[in-house]
Amino acid sequence: MTDSPAPHYKQPLLKTPFHERARALSQIDSFIPWAGYTTVDVFTTMEQEYFAVRNATTLYDLTPMVKYRVSGPDAVPYLNRLVTRDVAKLKPDRVAYVVWCNDAGHLIDDGTIFRLGAGEYRICTAERQIDWLLDSAIGFDVQIGEVTEQIAALAVQGPTSCAMLKAAGLRGIELLKPFEIGYFSLGEHRLTLSRTGFTGDLGYEVWMDPAAAETIWDILMAAGRSRGIRAIGSQALNMARIEAGFIMPNVDFVSAEHTIRTGRDRSPLELGLGWLVDFNKGHFTGRRALLTEKKQGSRRQLVGLDIAGNKPAHNALIYTDDGGKREIGSVTSAMWSPTCKRNIALAIVDAPHFQVGSTVWAEIYLNRELVWERRMSRAQVVERPFFVPERRRATPPAEF
Amino acid sequence: MSVAAPAAPSRYDCVVIGGGHNGLVCAATLARGGRSVLLLEAAAQVGGAALTREFAPGFRVSAGAHLLHLMPADLLRDLRVESHGLEWAARGMSTTALLPGGARLVVGELELGDGALQGLSTKDAQAYSAYAARMRRFAAALVPMFSRVPPRLGTTDWSDRLAMLKLGWQIRRLGKRDMRELLRIGGMNVYDLLEENFDSAALKGALGFDAVLGANFGPRSPGTVLTLLYRLAAESAAGAAGLSQPKGGMGALCNALAKAASAAGAVIRTAAPVARISVEGDRIAGVVLESGESIAAHTVISSADPKTTFLRLLGARYLDTGFVRRVDHIRSRGLAAKLHLALNRLPAFAGVGEANLRGRLLIAPSLQHIEHAYNHAKYGEFSAAPVMEITVPTVNDATLAPAGGHVLSAIVQYAPYTLKAGWQAGKQAFMDAALDTLEQFSHGLRGSIVGAELLTPDDMEREFRMSGGHWHHGDLAFDQFLMVRPVPGAAQYRTPVDGLFLCGAGCHPGGGVMGVAGRNAAQQVLTMGMKSP
Amino acid sequence: MKTPAGLDAVIVGAGHNGLVAACYLARSGLKVLVLERQPYIGGAAVSRRLYEDFTYSNCSYVCSLLRPEIIRTLELPKYGLQVIPYEGGCTMMQGGGHLALYDNHDALRREISRHSKRDAEAYDRYSRDVMRQCKFIKPLLMHEPPDPTSFKPRDLMELLYLGKRFHNLGEKRMYDTLRFWTMSAADFLDEYFESEIVKAHFAGSSIIGTALGPRSPGTAYVLLHHYMGDIDDTVGAWGFARGGMGAISNALGASFEASGGTIRSGAPVAKILVRNGRASGVALADGEEIRAPLVISNLDVRRTFLETMDAKDLPEEFLGQVKNFKIRGSSGKLNIALDGLPQFPAIPPGSPCTRGDMHVTDTIEMMERAYDDWKDGRWSRAPYIDMLIPSQIDPTMVPAGKHYMSVFVQYCPYELADGPWDAAKRQAFGDTVINTIAQHSPNFKNLILHAEIRTPWDIENEVGLTEGNIFQGELTMDQLLFNRPVPGYAQYRSPVRGVYMCGSSTHPGGGVMGAPGANAARAVLRDLGRAP
């Protein structure tokens, strides 16, 4: 991997192996830090990139995703004690979306677990976790190591992604099922693909040797030219993930390992991730606390909102449906969804107003040529995700 | 007492792990509370670190603690240990500080106004009376802390709040002046406290020694007034008998406790080491012995230290990461070694008559001396001039040695668990340092030694199965104290796993042969009934 | 400077706390006179020219804890205060190598990763926990500590407030807090880090100015001091005052005079006068008497009550308590004029970490051994030093091309076991420190133009701090909150009506924080029935 030549105290951020390619395509020099790397926020415009996600195919540099290799005889009991899902049920070459909690049953992070081979797993997560992962390993015969810098990764997402990968020479890619892992060759390069992603659309994540990174990028860009391929930055991805109803750390929740104030932690039940919590698989960290919460009911929940009008409800406070007498929550993510043509948001809302179908009010501030206006907009609590295309699950996906 | 496996029922209400004094007290209390109880001891005899055993042909000694002064009188009475065979070789034993040049200071006698005779200034002698009285008042105010389960903080439970209020009230009842003084000195080091009160280095050394006995502290460590008050409060809770020596050594106490437990219906099995605590679903199912035998139980109460209980016997997989992290951080490295000498004659200490030889002797001539001894321990070394608490149990109890022979038993500090050089290499050198020190106060002692044994924390860890060879199963310090002892989440004898309880020295109120942890734990189990909490 | 007539209050000592108290009182309309023994104001926050054109911050040397409320209310920036933030900090290791601290989170993570990857991430947990404690303690800094033995409504209300704040932490954090406040820095750091150099670097701030070692219980909370600024979202919480620490005192002085106050320097107070059981003024060393119904002493509590007041005016029990208040000299200071910038081969070229605090103690054991020396009445043979070269950032302090180095030294006793301090011993102490630095900087000794060596004994004599203790009293559990300075008198008032304390001997203690001064002023105003 190409390390930055300058020392860390002059250039704190690392560059991914795709950096030179990304820089060449970046028109507006919009870079942001992510997990210690510098990555593109926007290449051209957020809207162009977003439309490519939903209508063509896109490349997104995933390399900064923090990756840990977990192996050893106790790998499964270890992971099962770490995360809330039953990892024992994860079949070889499959991926599972997971969350893990602290003792109080509050979310530390979410991520994915890849079952790669006998007794070998990989955890992918947005933030560094080695401190927690190693403390969780006390009493288990496992080895845990960070492999972030040894693996480069690209997300290939969008309706034409399968067709593009096929055209690039990945034979049989159309047979890869959602959450399945496949192994492919591209020329002399070995690639690992998983049918996973953060867009809620048809898509894949491609894992490779950093040395091959630029070659693979070039091959995919060439293969995608006739299928509208575009490199995208984090802003466009963020739009897609809100439509898909996925949550983001430090946006929709703060890791329980980072909160300073009491009461700012969130449990998976509160975040609407109850389906990830398997109370029947045996003990895991936070289980006792979550059982209690389940028994007593959650005090708040993250919900999807469908808000009247077309003004995104960024940071809006949420009020009750009785003339807004009581403040009952706040919006964590919001956008006008160009695909759904709906004004959508994710919001934390107090009980009992988080039930689907409830009506609440959002207090939206609009900047109209430097004059701020306040709007109280009616909002419905609705099911998440906001957008679920058929192609997301179809195997094989339709030809394009 | 060693007990053969009787024809056992397959299931018990309670299984107690470990036959030390806390385990025995717990088992006896549970059995008296109507539970069916099985106590499992790994060694061939009960007693844990409170046992009497042979260390040289014909010479026997209390291998761990050698004095009894902390066990509450009502506990001994309730369990009727005297009718179960406990006899006293000595009670109300004196404390004599040995000083260089053959001088001595008998601490207890100071209150009789004897200061001048011992070379103390009138000022010190008077100050001592006031100091002793004040410390006794403080100790008495702290007594209620001992007999109860430590309250949890921040709960809405009224019994927790009541317990806090009671403690607060007890301290307020001291009156404004005493309360202020207690709140001030509570966080101080014993060095400063004694400096404020006395001039005599010898007196300060003797009084300060008790604050650091068995602790990971020197006299200048903040928190040592707490450890001292704690000891005084425990003694106060124990009643007026003072330092005592059971006839037949500490093992005799445990044998009596075992008889009390058996009499109440508890079953005791020795040579039955537990391999693991078994869990089914959300709660404890019982234990599995190293032999492979499974024993079902509704409740398991472990007197093993918390690290052993949680990380080895139960296993981290049944616990949350944060909890395990806290258990892993319990500081439990012992610093006290035990020296046993078999002597062919009565040892003579310059200036010490037979009356005082019946009591304990201290080698801690000044606070600086203790602090210097501690300095080395901080870096994994030991001092060439260690400090000691010495008893000659055979003066009070001839049965412990062959005719004419005598036993010298000494706690020697500081012997850090993690000696940089390793105990393999360091043990002989430490023994020499201890013997050289003794020789200074008892000329010719070396010539009378016919057998010797040194137990380092490393040895005690192995023999008594306690992590770090630590008496208290974990440092007694503010941050490992009361509702945070051994760790938050297990400080009320209950653990995060339903049906698993702790009853050892790692819990409130800590070690020393006190038995209070065992009794409090049993009461907690009884209070909670047979239902799952 | 003329003494105005009809004074409301006299402040004894123009240290930063005295000046802060004076400012608040003057702003409330009182007629206030500040009396200072030295010909210059500032106490231990001074900039002095002791060698050619070099300006030394010859006592305190870092601007970190000064409360933002005070800076704002007293308009210190308007009166000239400028603070230039540190750009880093480092610990150099024995035999080469170093650990640097950088402001940028990613740079810091990669830096710590060079020593331990795990520690680099544990650092986040560490900062989080320390920040949580800061958040808890911050509001207490500007509060009068309640008396737990009192049944007065105000004390009960304050106790209730404290209890409520504590309770609001939730059960787990209550235990964390309980432990944090009673642990040793070494034990606390062990719960986060595995690398010795990382632990040693952070432990440093737990021993500065205290007669305790990193293994002494109660030192963990001193670590807060490194974070207390961050919690206010103040950029450059740790920084250099442009023109040296005297700039803070001068800004305070200017603010005070702008509010109509008067300062008389070179006017040592010999006695606080008491008549009919209440303050009546002060007598200067030359016999001049100045009348005022309020006397507020910035001196430490021992100086105030044992040396500046008549024993007959005070209750005997109180005097006993004051005598038992522990004020120990444990720190020394070197101020060095340099002919150029010293080289530190361990630090890579271009690293900004020399533009902050530099250390050379790379293990906790080394730090603890330095403390053992102090306990035995000698200066540390391998002392912990906190050195800074402010002239890299503030060229106004030195002639062109030259540099000024401030070296804080822990531990140095007030009384030596082998007899009183003399010139030869002072020099030997200075040499020990200089040699320690020279081990890490080959050209250091050749650059030295002048070195001012200050032992606790010197600091006491010049600044008037008992034993040269920079905090006017140990920050141990028995001397904090309602115990500071003595139980029953933790609310800035003394047994004599009209006599108040406003120095660092009072809650919340030392550092150039100003909180004692502000809190004392508030207590005075409340007693006068004025809204502060």
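These exercises walk through the folds and contacts of a three-chain model, each with a worked solution.

The model is predicted, so local features need pLDDT of at least 70 and side-chain atom pairs count only at pLDDT 80 or more, while totals for chains, interfaces and linings use all residues. Residues are numbered from 1 along each chain as its sequence is written, chains are lettered from A and ligands numbered from 1 in the order in which they are written, and side-chain values use heavy atoms, with hydrogens and water left out.

**Exercise 1. Describe the fold and overall dimensions of chain A and of chain C.**

Step 1: start with chain A. Its secondary structure comes to 8 helices and 20 strands (DSSP runs, H or I of at least four residues for helices and E of at least two for strands, numbered from the N terminus). The radius of gyration of chain A is 21 Å, close to the 21 Å from the globule rule for 400 residues, so chain A is as compact as a globular protein of that length. Here the radius is taken over C-alpha atoms, and the rule is 2.2 Å times the number of residues to the power 0.38. The C-alpha trace of chain A spans about 65 × 55 × 50 Å along its principal axes.

Step 2: look inside chain A. Of its 400 residues, 60% count as buried (under 20% relative accessible area, with exposed over 50% and partly exposed in between; 1.4 Å probe, protein chains only). Among contacts in chain A with a separation of 6 or more, 67% join residues 24 or more positions apart; contact means heavy atoms within 4.5 Å.

Step 3: do likewise for chain C. This chain has 16 helices and 19 strands. Its radius of gyration is 23 Å, close to the 24 Å that the globule rule gives for 532 residues, so chain C is as compact as a globular protein of that length. The C-alpha trace of chain C spans about 65 × 60 × 50 Å along its principal axes. Of the 532 residues of chain C, 66% count as buried, and residues 24 or more positions apart account for 73% of its contacts with a separation of 6 or more.

**Exercise 2. Work out how chain C meets chain B.**

Step 1: count the residues. On the chain C side, 41 residues are in contact with 35 residues of chain B.

Step 2: find the area. The size of an interface is often given as the accessible area lost when the parts come together. Chain C and chain B bury about 3,700 Å² between them, with 52% from carbon and sulfur atoms (accessible area, 1.4 Å probe, that two parts lose on being put together, summed over both). In chain C, T149(C), Y175(C) and K375(C) lose the most area to chain B, together 16% of what that side buries.

Step 3: name the elements. α5 (153-168), α6 (171-180), α7 (185-190), α11 (316-324) and α12 (364-375) of chain C each supply at least two residues to the side that touches chain B. The largest share, 7 residues, comes from α12(C).
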